[in-house]
Amino acid sequence: MRLPETAAVLAVRHGVREWVAARGGRGPVIVGLSGGADSLALVAAAVAEAGAVTAVVVDHRLQEGSGEVADRAVEQAMGLGCVGAMVVPVDVGREGGAEAAARAARYAALESVRDGRPVLLGHTLDDQAETVLLGLARGSGGRSIQGMVAWNAPWGRPLLGVRRDRTAQMCVDLGIEPWADPHNIDPGYTRVRVRTEVLPLLEDVLGGGVAQALARTADQLRDDGIALDAYAGELLTAARTRGVVPDPDPLNGRSGDRAGGAPDSDRSALSIEILATAPAALRRRAVRGWLVD
């Protein structure tokens, strides 16, 4: 399918083209397709820019008629030039709430069929802004407001710099009708209220540009976080090195040092002196890394 050169189409294609170039060039990809405007626009742009595209529609089976919606999305994907398209039905559990359970089932389904190929997802700049606001509300530090990343293998998000109205307009320009998921307007979901109430209010009160500012802040915090994590890794290595003491009992049948007199299998001692004299931002990250290990 030849794509028209409208402003919306060019914006979406440019986002995918930049992502492909940053990953080293064209190659076969999976696109997670819901049938909505964002993922349909991504499919069309990926066919033009990424290479061989296989669309995967995950049918969560949470709504009546979901099978028909999935089948229609497959037809649209093939019409847009995909080399293949499939529906993967899943059973959604309850752990973590409805949204988290559906997300976990969706990612597991995509992982099960990707066969080594990267999976492209249709998250936009607006989704990024919502994610940052939700992370800010949790109050768990800079890490929680770094937002989504364009590449976290095997997941790719080429549209994080593209506004949602662009993907909707691209579908209009292509003459395709996206599916309107009723969950996306259900105020029972926190993210929906952020999308339909909080962000519009912020845009009105602050004079516009809020979504872009939030996405830009996430990018800057992510860069800062990468640097701080690297320094924290060095701090943790130094604290561990100083925390290891010689084995006080050379007759116990073990050789070498052990951490703080603990068994060899538990090399967890740290130098409190080194940690205490480090900046708090590095110390918190180092302790977090230690706990994760």
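1. Two strands are taken to pair if DSSP finds at least two bridges between them. Strands β1 (residues 29-32) and β2 (residues 53-59) are paired in the parallel sense, over four bridges. Val31 stands opposite Ala55 of β2.

2. Basis of the values. Residue numbers start from 1 along each chain as its sequence is written, and side-chain values use heavy atoms, with hydrogens and water left out. As the model is predicted, local features need pLDDT of at least 70 and side-chain atom pairs count only at pLDDT 80 or more, while totals for chains, interfaces and linings use all residues.

3. Overall content. The protein chain has 10 helices and eight strands. Helices (H or I, at least four residues) and strands (E, at least two) are DSSP runs, numbered from the N terminus. Along the principal axes, the C-alpha atoms fill a box of roughly 80 × 50 × 40 Å. Of the 293 residues, 41% count as buried. Buried stands for under 20% relative accessible area, exposed for over 50%, and partly exposed for values in between (1.4 Å probe, protein chains only).

4. Side chains of opposite charge can pair when their charged atoms come close. Arg114 is buried, at 17% relative accessible area, whereas Glu111 is partly exposed at 38%.

5. Salt bridge between Glu130 and Arg195. The side chains of Glu130 and Arg195 meet at 2.9 Å, N to O. This pair links distant parts of the chain, with Glu130 in helix α5 (residues 125-138) and Arg195 in helix α7, 65 residues apart. Glu130 counts as buried, with 1% relative accessibility.

6. In the salt bridge of Asp293 with Arg240, the closest N and O atoms are 3.0 Å apart. Asp293 lies in the segment after α10 (280-292) and Arg240 in helix α8 (residues 210-243), so the pair ties together parts 53 residues apart in sequence. Asp293 counts as exposed, at 66% relative accessibility, and Arg240 is partly exposed, at 26% relative accessible area. Elsewhere, salt bridges with shared partners join Asp127, Glu130, Arg164, Arg191 and Arg195 into one network.

7. Surface patches. Glu64, Glu68, Asp71 and Glu75 form a negative surface patch. Asp71 is in helix α3 (residues 66-79) and is partly exposed, at 46% relative accessible area. A nonpolar surface patch is formed by Leu201, Val205 and Leu206, with about 320 Å² of accessible area together. Leu206 belongs to helix α7 (residues 190-206) and is exposed, at 57% relative accessible area. Patch residues have over 30% relative accessible area and no salt bridge; like charges are joined within 9 Å, and nonpolar side chains (Val, Leu, Ile, Met, Phe, Trp, Tyr) within 5 Å. Areas come from the Shrake-Rupley method with a 1.4 Å probe.

8. Backbone points to check by eye. Ala153 and Pro154 are joined by a cis peptide bond, with omega about 5 degrees. Pro154 lies in the loop between β5 and β6 (155-156). Arg61, a residue other than glycine, has a positive phi, near 55 degrees; Arg61 is in the loop between β2 and α3 and is partly exposed, at 46% relative accessible area. Asp115 is not a glycine, yet its phi is positive, at about 55 degrees. Asp115 lies in the loop between α4 (98-113) and β4 (119-120) and counts as exposed, at 68% relative accessibility.

9. Leu3 is in the segment before α1 (7-22) and is buried, at 10% relative accessible area. The C-alpha atoms of Leu3 and Ala44 are separated by 8.0 Å, although the two residues are 41 residues apart along the chain.

Conventions:
Salt bridge = Lys/Arg side-chain N within 4 Å of Asp/Glu carboxyl O. Lys, Arg positive; Asp, Glu negative; His and termini not counted. Charge placed at Lys NZ, Arg CZ, Asp CG, Glu CD.
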